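Hi everyone, thanks for coming. Let me put the structure up, and then I'll walk you through a few parts of it.

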Amino acid sequence: MDNIASLMHGFSVVLTTHHILLMMAGVLLGILVGVLPGLGAPNGVSLMLPLTFTMDPVSAIILLTSLYWGALFGGSTTSILFNIPGEPSSVATTFDGHPMAKQGRATEALSFAFLSAGFGAMAGVILITLLSGWVANFALRFSSPEYFAVYFMTFASFIGLGGASPFKSIVAMGVGFALASIGMDSVSGNVRLTFEFDALLAGVSFLIAVIGLFGIGELLLTMEQGLKFEGVAAKVSVRDVLRTAAKLPRYWVALLRSSAIGIWMGITPGGPTAASFMSYAMAKRSSRDPAKFGKGEPEGVIAPETADHAAGSAAMLPMLALGIPGSATAAVMMGGLMIWGLNPGPMLFIERPDFVWGLIASMYLGNVVAVVVVLATVPIFASILKIPFSIVAPLIVMICFIGAYTVGSKEFDIWVALAFGLVGYVFKKLDYPIAPLVLAMVIGDKAEDAFRQSMIFSQGSLSIFWSNALVSTLMAIGLALLVLPLIGRVSLFVRGRKPVLNAL
Amino acid sequence: MKTFSITAAITGAIAFGGAGAAQAWQPTKPVEFVVTSGAGGGTDNFARMIQSIISKHKLIDQSIVVVNKGGGSGAEGYIHGKGGKGDAHRVIFGTNNAYLLPYVAKLGYKFSDLTPVAALALDEFLLWVKGDSPYADAKSFVEAAKAKPMGFKMGGSQSKDTDQTLTSMIQDVTGAKMIYVPFQGGSAAAVQLAGGHIDSNVNNPNENIGQWKAGQVKPLCVFSPVRLAKGEPVFDGKGWGDIPTCKEAGLPIETFQMPRTVWLPAEVPADAVTFYEGVLEKVSQTPEWKEFVTRTAQTGRFMKGKELTDFVAKDDAANKKVFEAEGWIAK
């Protein structure tokens with residue numbers, strides 16, 4: 001009950017005209033960065049960060065989280081209408097969302113996407129409300145072996161369920177690991193893979209990789225496909241929205257399962273991208289008619305969207321209570337937190353309840369505001385993409401390069417982004433998944449640090465990963481995620497049936 | 001009247017002196033503050049505090065841009081500083097890592113690529129254990145650690161950096177053998193100690209204060225020649241000033257402190273160095289700075305010129321001795 005009282009206090013902090021206006025501004029800006037390919041939520045948030053230094057922390061976090069919600073919604077819009085994921089986490093939405101739009105069911109697809117996204121976000125926030133007190137104590141049980149087990153679980157789920165062939169996922173992940181190890185190694189204090197090249201000393205930022213891989217890579221592909229977006233005119237009328245809303249409860253199994261996956265992946269540092277893929281794969285695997293997926297199945301939109309948003313909001317919890325960001329955007333926000341003079345950690349809940357509960361209350365309101373705003377503004381934002389490609393493309397390139405430069409104020413990063421654009425193009429041509437590469441870049445070095453710290457703890461014995469109930473459970477789930485789908489595939493193969501996951 | 005004319009003369013002299021210095025060297029474009037740590041780190045707070053004091057008291061006419069270049073334990077920032085050779089519009093903020101980093105890793109800069117300007121404070125190190133641990137003082141902790149070689153885990157921030165150097169010194173004077181576990185930063189080492197995953201850490205006051213307030217950790221002694229300034233009680237009626245020095249507590253390490261330092265690139269005009277010395281000395285006398293030093297439980301000490309170079313030489317030699325004994329010197 002304490003939590004409910006704290007939440008009410010949070011609402012009293014947040015419910016001011018100033019904060020509601022900030023929320024709306026954040027959501028609108030977020031939709032804008034979400035709609036523009038290459039300028040995802042992490043970039044949007046890092047571009048806005050300097051503006052917040054003079055604000056009080058509660059206002060600042062409201063602005064940034066609202067921008068995040070907006071970007072998640074905007075990313076789904078372009079996925080469905082144009083088959084361009086504005087966000088890495090909305091890639092899975094394109095699989096069924098775009099076919100639906102092509103069949104003239106754009107309104108239905110968009111409404112399903114937004115409403116299920118809203119549902120997922122609410123599920124995530126409710127969880128945070130109920131568990132935050134408990135998480136602060138739970139956090140202290142995490143040491144290096146537990147962190148490694150969580151990272152291991154995420155990697156395992158990618159190989160097992162991620163979509164493309166496990167072999168290609170492992171290759172992409174390996175490239176990501178190599179990139180993540182560039183720069184100063186904090187465990188040995190030595191410099192690695194810089195080839196005495198000063199610009200590489202600070203490592204390669206995953207933000208720059210994402211700008212190149214998704215933004216520039218996507219542009220190169222679009223150019224090849226004939227210099228035009230395959231846009232579909234979208235009109236969202238209130239009646240259609242209501243009709244779709246009435247259909248939503250039919251998919252309650254998908255909604256609940258996807259929320260659970262999303263929340264889990266948000267709390268463990270898997271992140272929204274991993275969550276949406278995993279949720280799509282699970283929906284397809286458990287469907288009575290998996291063949292319908294990829295051809296305009298509403299459940300193929302609902303599953304990734306719900307999980308994406310549930311993970312996005314649940315990711316705030318490990319950021320605040322443990323100091324580990326559950327998503328790329330959460331990582332950027334955590335940087336912000338420190339600049340505003342707040343130290344993420346268990347004491348944040350005790351020392352700054354106004355901030356923590358203000359943030360949680362703003363997540364309830366922010367998502368409601370976002371759903372309303374997004375349904376109202378879809379036609380406007382969609383019309384951006386009616387502008388001829390020859391005008392939009394150079395603008396996107398410019399935005400990508402400005403974004404890349406802003407990350408570390410280094411010219412060198414522009415070239416890195418360009419190089420990643422080519423990598424992204426080649427990956428897509430050869431049908432290698434990009435998500436495992438990004439994942440390995442984001443948490444690869446943390447996983448390595450956690451593993452090596454564990455080895456220092458145990459003086460080189462692997463038994464430390466089975467030394468208590470918590471770490472054993474996490475490792476067991478990880479191994480199961482790694483092995484089970486492979487067994488499933490083998491048995492399907494033996495029985496001579498086409499593996500279900502191949503089409504993903 | 002006589003008093004008045006003397007006062008007038010003195011005022012005139014000061015004004016003239018000020019004007020003279022101003023003519024000698026003044027920034028002619030925005031000044032870049034290079035921070036050799038990520039946003040939110042100790043060095044970041046140090047630089048941003050000075051930036052806000054300078055702009056509040058209008059000590060520099062030009063605007064100030066702060067950039068974080070914390071890659072490679074801060075080497076990124078110093079290399080950026082080296083790139084500004086001869087340009088006194090690039091001011092670099094760091095610690096003793098400016099002269100210690102090039103020993104332990106092969107990096108793209110040497111200490112001679114920097115011009116020393118000033119140090120403004122000394123950050124303190126303390127020996128911390130878990131709040132409910134049975135050790136009441138440093139002596140009993142050291143005895144327990146000695147009785148169980150490689151049984152105690154000391155956590156710290158980074159590798160071959162101040163925390164590990166101090167750990168190595170403790171082992172050297174006491175004969176205890178501990179396992180050193182490097183974490184990403186002081187805050188991680190603080191949480192790991194609070195959770196009981198490590199037995200001790202040697203965090204700076206500011207890194208552990210959150211956990212001390214909650215009673216999750218407790219300080220045993222401070223590696224300083226004298227006790228810290230008396231302040232507000234933090235936990236259980238005890239404040240910073242109640243912590244014994246390590247020497248009184250039976251851990252014979254006289255002093256281990258980390259200077260908060262300011263540098264310019266090599267080959268800058270001598271009067272530019274004088275200009276920044278003057279600005280920073282004024283900063284160190286403001287109430288805002290004194291409040292900052294007290295709040296973060298650092299020791300305020302302004303050093304420039306010979307005092308600074310002597311300090312650096314002594315600190316450099318003491319650390320180098322440990323690096324050599326541990327075999328950390330990069331070839």
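How many residues does the contact take from chain A and from chain B? It takes 28 from chain A and 31 from chain B, where residues are in contact if their C-beta atoms, placed from the backbone, lie within 7 Å. On the chain A side, helix 20 gives the largest share, 4 residues. By class, that side has 12 nonpolar, 13 polar and 3 charged residues; Ala, Val, Leu, Ile, Met, Phe, Trp, Tyr, Cys and Pro count as nonpolar, Asp, Glu, Lys and Arg as charged, and the others, Gly among them, as polar.

A quick word on the source: this is a predicted model, with local features needing pLDDT of at least 70 and side-chain atom pairs pLDDT 80 or more, while totals for chains, interfaces and linings use all residues. Residues are numbered from 1 along each chain as written, with chains lettered from A and ligands numbered from 1 in the order written.

Chain A has 21 helices and 2 strands; these are DSSP runs numbered from the N terminus, helices being H or I of at least four residues and strands E of at least two. Of its 504 residues, 59% are buried, meaning 20 or more other C-beta atoms, placed from the backbone, lie within 10 Å of a residue's own.

Now to chain B. Just after helix 7, B:Gly196 takes a positive phi of about 75 degrees.

Definitions and conventions:
A residue is buried if 20 or more other C-beta atoms lie within 10 Å of its own, exposed if 12 or fewer, and partly exposed in between; C-beta atoms are placed from the backbone. Two residues are in contact if their C-beta atoms, placed from the backbone, lie within 7 Å.
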